[in-house]
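Keep in mind that the model is predicted.

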Amino acid sequence: MPSRRAFLASSSASLFAQNPPAWDVIVYGATPAGIAAALSASRSARVLLIEPTARLGGMVTSGLSHTDFRTFESLSGHYLAFSQRVLAHYRNTYGPSSPQARDCFRGTSAEPKVNLAIFEQMLAEKSNITVRKNAPLADVAAPGTSLLRIRLEGDSAAISAPISARIFVDATYEGDLMAAAGVPFRVGREARSEYNESLAPLQADQQLQGYNFRLIATREPANRVYPTQPAGYRREDFVQVLALLNDGRLKGIFGYPNDFIYKAQIPQLPNGKYDINDVSNCAVRLSLPGENLGWPTGDAHTRARIFAQHLLWNTGLLWFLQNDPAVPARWREEARQWGWCRDEFPETQHLPPQLYVREARRMHGRRVYTEADSSHAPGDARTVLHPDAIAMGDYGNNCHGTAHTGPRIGGKHTGEFYRRVAPYQIPYGILLAPNLDNLLVPGAVSASHVGFCALRLEPIWMSLGQAAGAAAALSLETQTPLSVLNTSSLQRRLWREGSATTYFSDIPPSHPDFFRLQAFASLGAFHGLHPTPADANLRGKNIEGQYFE
């Protein structure tokens, strides 16, 4: 009998023999993960990158301009290249010693419009990539073990006609393509006993991390646009904040890190802008866990309703603080120092066009990433070894709250946790659908809720997208199904692209020994050489806040 590899290869070939696909690779979702996948796949494949909305770049161009990571040394691959271009932009535009060059934090904290321009530039340089925007998924054809065609919504026949490809990548935050193709997934939290995770709940439930907008705000009068009263505004929804302003539970309206309503992220963005986020452990939260439960599997109407509900809460609160006569004068004056940025998001009234979806569907794939995968190996300074690692991260398991008790103002989020860990490796199998041989999922990856909370960061998502694109290209070149791809060959391709699978503090991708050290590390050569440190942050001097050299 033929081997499984030969059988799958011949089956895929026969499926495409009568109707050759229009594209080698289709990437659905131009998130940072999707952009990275397209860039890597385009080295040897014709790629169609599809974005269901009008804007490329996912959250990195929609307000999450200051993404989380622990050390600069953990950044590699396409994300590192992206951040280096951002830094070069500010140095070239304003000068190498300018405040803008300083405030971009080595290219990791940029204005949304700059992030968008850099992503568009990176894609435009690749002649093998075609980009389509405003093209949400309509339906799919996935008979047997292969996803064959998709159809997009649109007014023109060119858009609504079925489109075929040899390999598909679902890079959406929600996992919309993989779900439509019949791939199994989970929404919610697993019981502690399922994967023996200390951070998991005792009983499984449907709770999700709360969503909010990553607003971009400024105090610069020339660039400041004051919020308008949002549609559906009701004063009674916000009046309870007055008690907190008067009893000393809040330090201010905007600030960092705690006891403020709007978290003005540090470091600030260039040109006097701030990436605004929800404040953990505060009596007033921008995120609304429980109000987002319909989002992951919801249709366009359901998601539009949840989007509007969050927008009303996030913006109506500031309008109340700036305009309601019952707000004490000093608080009202502080609030009126702030506004949205005139030169950001002009097409959406200077508000981000995407909601910050921290967690939605999670594929139940060939390998499930769990808490154990980012835990220390016994007697080791490193986490467990994954010989098939295709990416790495160093942030830790971080959940932003999955439910809320008490009143919306003055109550408390529950389900939050943050566990600092040593740098960890990410295995190839979490990208693979269990029932389709030509689909990779770097966004809604296969992970438990706790495991996903270590992976849901844009630099890591970009590394996973890069691995997906490299795997797609290698599969096509070798005519090998994704499920039996030689991971050593995939790793070598990633290392040549400057993407790390093992953390080193002193061997960046530009180092002449980067490839050799990554290869040596994949054999386990650097495990078991040092006892577990008492503090996972002990990797160098503190830069600022959570960031360490």
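Start with helix α3 (residues 77-94) and helix α5 (residues 112-124), which pack at an angle of about 120°, their axes 10 Å apart. That angle is why α3 counts as oblique to α5, and the crossing of the two is right-handed. Who does the touching? On the α3 side you'll find His78, Phe82, Arg85, Val86, His89 and Tyr90, while α5 brings Val114, Asn115, Ile118, Phe119, Gln121 and Met122. Sort the residues of this contact and you get seven nonpolar, four polar and one charged.

Now for the cores. The largest nonpolar core has 74 residues, and Tyr428, Leu431, Leu440 and Leu464 have the most contacts inside it. Helix α13 (residues 458-478) gives the most to this core, with 10 residues. Leaving out residues up to four places away in sequence, Leu464 touches Ile390, Ala391, Ile426, Ile430, Leu431, Pro442 and Val445. Apart from this core lies another, of 45 residues, including Tyr211, Leu244, Val327 and Leu355.

Back to helix packing: α13 also packs against helix α14 (residues 487-496), at an angle of about 125° and with the axes 10 Å apart. So α13 is oblique to α14, and the crossing is right-handed. From α13, the contact uses Gln466, Ala467, Ala470, Ala471, Ala473, Leu474 and Glu477; from α14, Ser489, Leu490, Arg493 and Leu494. These divide into seven nonpolar, two polar and two charged residues.

Here are the two pairs in brief:

| Helix pair | Angle | Axes apart |
|---|---|---|
| α3 and α5 | about 120° | 10 Å |
| α13 and α14 | about 125° | 10 Å |

How values were computed: Residues are numbered from 1 along each chain as its sequence is written. This is a predicted model: local features need pLDDT of at least 70, side-chain atom pairs count only at pLDDT 80 or more; totals for chains, interfaces and linings use all residues. Side-chain values use heavy atoms; hydrogens and water are left out. Axes are lines fitted to C-alpha atoms, for helices over the stretch in contact, and angles run from 0 to 180 degrees between N-to-C directions. Helices (H or I, at least four residues) and strands (E, at least two) are DSSP runs, numbered from the N terminus. Angles under 35 degrees count as roughly parallel, over 145 as roughly antiparallel, 65 to 115 as roughly perpendicular and the rest as oblique. A crossing is left-handed if the near helix is turned anticlockwise from the far one by less than a right angle, and right-handed if clockwise. Contact means heavy atoms within 4.5 Å. Ala, Val, Leu, Ile, Met, Phe, Trp, Tyr, Cys and Pro count as nonpolar, Asp, Glu, Lys and Arg as charged, and the others, Gly among them, as polar. A nonpolar core is a set of buried Ala, Val, Leu, Ile, Met, Phe, Trp, Tyr and Cys residues joined through side-chain atoms within 4.5 Å. Buried means under 20% relative accessible area, exposed over 50%, partly exposed in between (1.4 Å probe, protein chains only).
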